[in-house]
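Please keep the model in view while reading.

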Amino acid sequence: MKFKNTKERIIGKIVNETFLFTILAIVMGLIVGAIVIKISGFSVFEAYGAMIKGVFSKPKYIARTIIRSTPLILTGLSVAFAFRTGLFNIGAEGQFIIGALVAAMLGYFLHLPAIIHIPLVFIVAVLAAALWGGIAGYLKAKFGVNEVISTIMLNWIALYTSNYVITRESVKMPGTESSYDIHETAQITITWLKSIVGPAKINWGTLIAIIIAIIISYILFKTTLGYELRAVGHNKDAAEYGGINVKRSMILSMAIAGGLAGAAGALHVMGVSYHVSVLSAMEGYGFNGIAVSLIGNNSPLGVVLSAFLFGGITFGGARMQVLGIPTEVINIVIGSIVFFIATYRIFQFFTKFFTKKKLQKEGK
């Protein structure tokens, strides 16, 4: 297809077949959710109306939706980056925990001016999580250990390591199951926005996450490193034949993916929670990142948009409880969307099938 000008070329890149199928999958997911809501005995319009109001009716709701979406941008990027390089990073959850733990420790134990404290906490937390993710990459490259198995185990190790550290006397705040709050010099909350959005802890994390997404997009599609990593993801044998160091690429890919998930954990602590707590189970930031990555078709721009969609559905969906609708219903809606996106090739099949039939009928 020839485009007449730059505007048409940009629109053509955004509104492509994959984009349209993603929209169709979302619509199908919402339809399935509507059916479930109706079967449960509730009004579909009231339920979805409550969801929309729960996101857009007040500035503080919009702020909370953005806050909820921020870690999903980075964990989604983490999963998407690994996908692009032929690896399945199911360990974003553990890498998130490591990033959060390191940020909480450095934010509390170090006493530095904010201009040094904030970047130091963030960078060290990201590096620690990158190292954690790199372990799975090294095991894969050196010994052929499946990254799915190793990252699942690393998730649990991260969880119990975090719990152990938090329960130390010097770390745990008395009378709680949490660590001490980080100092204000390590916090990234935007205090002057409180007059607009109320008590919602809006912070610089969202802007940082979007900037990171732009950087990752540039690395993947505009640099030699990105080309090599994607080449390994497409066909590692061909990449190796072409002179690319496949083992180094695997380790580097998992390290970058780990760093991204760790950045999510660090920003969450620095901008929202200010501490880490003893966990009895995974919080789900990393696992939700898998769904976000799938919805975003594993592209950085798609991940940013899908993170806001996912955050909006989960936060706004909680408002449906006011009508007495069980929380399980919103999980069914999200699960349906992910299911239809994961099986979007079904839409492609029917599209080609009916196009072929139409051409046959027209005698072409």
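Seven aromatic pairs are counted here, a pair being rings of Phe, Tyr and Trp (its six-membered ring) with centres within 6.5 Å; planes under 30 degrees apart are stacked, over 60 edge-to-face and the rest tilted. One of them joins F83 and F88, stacked at 5.3 Å centre to centre with 15 degrees between the planes. This is a predicted model, in which local features need pLDDT of at least 70 and side-chain atom pairs pLDDT 80 or more, while totals for chains, interfaces and linings use all residues. Residues are numbered from 1 along each chain as its sequence is written, and side-chain values use heavy atoms, without hydrogens and water.

F83 is partly exposed at 28% relative accessibility, and F88 is partly exposed at 25% (buried is under 20% relative accessible area, exposed over 50%, partly exposed in between, with a 1.4 Å probe and protein chains only). The pair of Y138 and F143 is edge-to-face, because the ring centres lie 6.2 Å apart and the planes stand at 80 degrees. Of these residues, Y138 is partly exposed at 40%, whereas F143 is exposed at 57%. Y108, F109 and Y180 form one aromatic cluster.

Helix α3 (residues 44–56) packs against helix α14 (residues 300–318) at about 110 degrees, with the axes 7 Å apart; helices are DSSP runs of H or I with at least four residues, numbered from the N terminus, and axes are lines fitted to C-alpha atoms over the stretch in contact, with angles from 0 to 180 degrees between N-to-C directions. α3 is therefore roughly perpendicular to α14, a term for angles of 65 to 115 degrees. In α3, A50, M51, G54 and V55 meet G312, I313, F315, G316 and G317 of α14, contact meaning heavy atoms within 4.5 Å.

How values were computed. Helix = DSSP H or I, 4+ residues; strand = E, 2+ residues; numbered from the N terminus. Parallel < 35°, antiparallel > 145°, perpendicular 65-115°, else oblique.
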